[in-house]
Structures are given as C-alpha cells and as structure tokens.
Amino acid sequence: MRGLRSFYLRVLRKRWFLGVIFLFSLFYFLDRTLNQIPKEIQISDTIRIEPTKAGLQIRVETHNTNITTCRNSRQGKSLIVDEKGYVCQWQDMLSNGCCNPSAVNTRHYTCRGCSSNHCCAIYEHCVSCCLHPDKDAVLKEFINKASNKFRLLFQATDDHYDFCLLKCRTSSESVQHENTYRDPIAKHCYGDKPPELRIST
C-alpha cells in the first residue's frame, strides 16, 4: 500500500504529467468558451435572432402590442424613453412606467436629432428611433455584419428594447484616441456605422 502511494506521488510530481493535465484543462476551457452560442433573442416585435454555429439566423414574427406596464430608461435628466418607443419628460410618465401618449411634448418613435448614419444627439431619441418598425432593415443589416464581440452584446439583451438601450450607449466606437468623441453631438448610434469623424477647430 505504501509503495503504491509513493508511486502515485512520484507520477504527480513529474512535469510531463502536470503538462498533460494543464493541456487537457486548456483544451477543455477553449472548447467551452469558443463554442458558446448566444441564446435566441428577440431584437424587435418582428425580428427574432437564432444564433447557430453557421451564423445568425433571422426569423420574422408578428407584432405584440399588449403592454400594460412599461420599462423605461430612467437615466436622463429631463427625458425618458419607454419600451413602446415613446419619449417624454419625467413629469409626463404615468404610474405604470409608460410615457403619457397624450402629453404635449411626448413623441412616438422620434428620430429627431438623428442623422442618416443612424447616430443621434440625444440618447432617448436614439432608443426611440431604434425601436421604430421602419428601422428593422437597419437592425438586420447590423446583425448580419456583427462580429463575435457583438455576440456578447446579444447575450446581454432579452428583447428589442434592451438591445436598443445597449446599442445606443456610447462605446469605444464612439471615441477617437480613447479620449475624444468622434462626433461630439451625434454620439449615440443604433446602426452598424460609428459616428462620423468631425474635426474640432
């Protein structure tokens, strides 16, 4: 018994054996990490993405308008955007979290301040414009061109609203030299192109 124990201890101390364990662990980790496929997510009421090993598969579905309570952005100083695509002032938010559609300053699917490259000056307008059903083609184009780093973005979202909230945030694509916005005005983008580079004078 003692001889068997000393044999195992000698084998465990050998570098080749430790190397085999290390390589096995490394291959296992790489296999689990690289073969992860993001869960299916719904990018809009009409678009559902089903990532596969071959690529991103897009399905079209029907609209669902039965929302009684709303999630909203809750971060702007004066504006919020709800999951129905309404942008309103804080005081125009209803008790269910939705914007009051009959308020004077409430806008639905507004793209005010957004340019042709799908970048907007105001975050809430970017989200609202991204939610517009007419922008499904823009989202499809972005999804089809998406790199692996954006698959992580897809994994962090559950639906179209979450996707737009996340996509419209400023990111490394919004900046030049890590300290200056490419476009200091229209820096919130929902399309596949970064903000235009504007040289400040």
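Analyst: A disulfide is a pair of cysteine sulfur atoms within 2.5 Å. The model is a predicted one, in which local features need pLDDT of at least 70 and side-chain atom pairs count only at pLDDT 80 or more, while totals for chains, interfaces and linings use all residues. Residues are numbered from 1 along each chain as its sequence is written, and side-chain values use heavy atoms, with hydrogens and water left out.

User: What makes Cys126 and Cys168 a disulfide?

Analyst: Their sulfur atoms are 2.1 Å apart, and the criterion is within 2.5 Å; the pair therefore qualifies. The link is left-handed, with -80° about the S-S bond. Cys126 lies in helix 3 and Cys168 in the loop between helix 6 (160-167) and strand 8 (175-176), 42 residues apart. Helices (H or I, at least four residues) and strands (E, at least two) are DSSP runs, numbered from the N terminus.

User: Why is Cys126 called buried?

Analyst: Buried means under 20% relative accessible area, exposed over 50%, and partly exposed in between (1.4 Å probe, protein chains only). Cys126 has a relative accessible area of 0%, so the residue is buried. Cys168, at 0% relative accessibility, also counts as buried.

User: Why is the disulfide of Cys130 and Cys164 described by a hand, and which one?

Analyst: The torsion about its S-S bond is about -70°, so this disulfide is left-handed. Cys130 belongs to helix 3 and Cys164 to helix 6, 34 residues apart.

User: What is the hand of the link between Cys70 and Cys98, and which parts does the pair tie together?

Analyst: With 85° about the S-S bond, the link is right-handed. Cys70 lies in the loop between strand 3 (55-60) and strand 4, and Cys98 in the loop between strand 5 and strand 6, so the pair ties together parts that are 28 residues apart in sequence.

User: How do you know whether His188 is buried or exposed, and what does its side chain meet?

Analyst: Its relative accessible area is 12%, so His188 is buried. A polar atom of the His188 side chain lies 3.1 Å from the backbone oxygen of Cys168. A polar contact is a pair of N or O atoms within 3.5 Å; within protein, one must be able to donate a hydrogen and the other to accept it, and residues adjacent in sequence count only if both atoms are side-chain atoms. The distance of 3.1 Å meets the cut-off.
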